[in-house]
Amino acid sequence: MYIFSANATARVARDDIEEGQQMPFIVYVNFVDLFGAEQLCKVYLMRAGFTDIEIEKRKFVPGKLLNDERVINADKAMREAIEHGYMIQMFDE
């Protein structure tokens, strides 16, 4: 699994986000290699209505943490990524 810190620009206005506004994200992608995980991160953000995606930071999560129930129970985002393949969390600037 990889965790990405990324910025993306809203393609259309929605809720509290204006068209063209850049937003920060944390994206968890449950995939085995970095290149594929980065591409999936970008695709998931595009499908969510964002463009101009810039990945700032990347972090690999070792398999031993993914198999540790204490870690999974403490991190709901990681649990969702394990169950569904990915999880996107947007932050307010």
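**Close-up views of the predicted model**

**View 1. The buried residues of helix α4 are covered by elements that include β2, α2 (63-66), α3 (69-74) and β4.** Helices (DSSP H or I runs of at least four residues) and strands (E runs of at least two) are numbered from the N terminus. This is a predicted model, in which local features need pLDDT of at least 70 and side-chain atom pairs count only at pLDDT 80 or more, while totals for chains, interfaces and linings use all residues. Residues are numbered from 1 along each chain as its sequence is written, and side-chain values use heavy atoms, with hydrogens and water left out. Helix α4, residues 76-84, lies across β2 and β4 and runs at about 140° to β4 (axes are lines fitted to C-alpha atoms, for helices over the stretch in contact, with angles from 0 to 180 degrees between N-to-C directions).

**View 2. Helix α4 has a buried side and an exposed one.** A77, M78 and A81 are the buried residues shown here (buried is under 20% relative accessible area, exposed over 50%, partly exposed in between, with a 1.4 Å probe and protein chains only). These three cover an arc of only 100° around the axis, which puts them on the same side of α4 (the arc is that of the directions from the helix axis to the C-beta atoms). On the other side of α4, K76, E83 and H84 are exposed. After α4 comes G85, whose phi is positive, near 100°.

**View 3. Four antiparallel strands make up an open sheet in the order β3-β1-β2-β4.** Strands β3 and β4 (86-90) are at the edges with a single partner strand each, so one side of each is left without a neighbour in the sheet. On average, and with direction ignored, neighbouring strands are turned by 25° against each other. Helix α1 packs on this sheet, where it touches β1, β2, β3 and β4, and its direction makes about 145° with that of β3 (contact means heavy atoms within 4.5 Å).

**View 4. Strand β1 pairs with β2 over eight antiparallel bridges, and β1 pairs with β3 over eight antiparallel bridges as well.** Strands count as paired if DSSP finds at least two bridges between them. Nine of the nine residues of β1 are buried, so this strand is largely enclosed by the rest of the structure. S5 stands opposite I26 of β2, A6 opposite F25 of β2, and Y2 has F60 of β3 as its bridge partner. S5, a residue of β1, counts as buried at 19% relative accessibility. Not counting residues up to four places away in sequence, S5 touches F25, I26, E54, I55, E56 and K57.

**View 5. The largest nonpolar core holds 17 residues, and those with the most contacts inside it are F4, F25, V27, V29, C41, L45 and F50.** β1 (2-10), β2 (22-29), α1 (34-47) and β3 (50-60) each supply at least two of its residues, and β1 gives the most, with five. A nonpolar core joins buried Ala, Val, Leu, Ile, Met, Phe, Trp, Tyr and Cys through side-chain atoms within 4.5 Å. Leaving aside neighbours within four places in sequence, F50 is in contact with A8, T9, A10, R11, R14, I17, M23, F25, L45 and M90. Apart from this core lies another, of nine residues, among them M1, Y28, M78 and A81.
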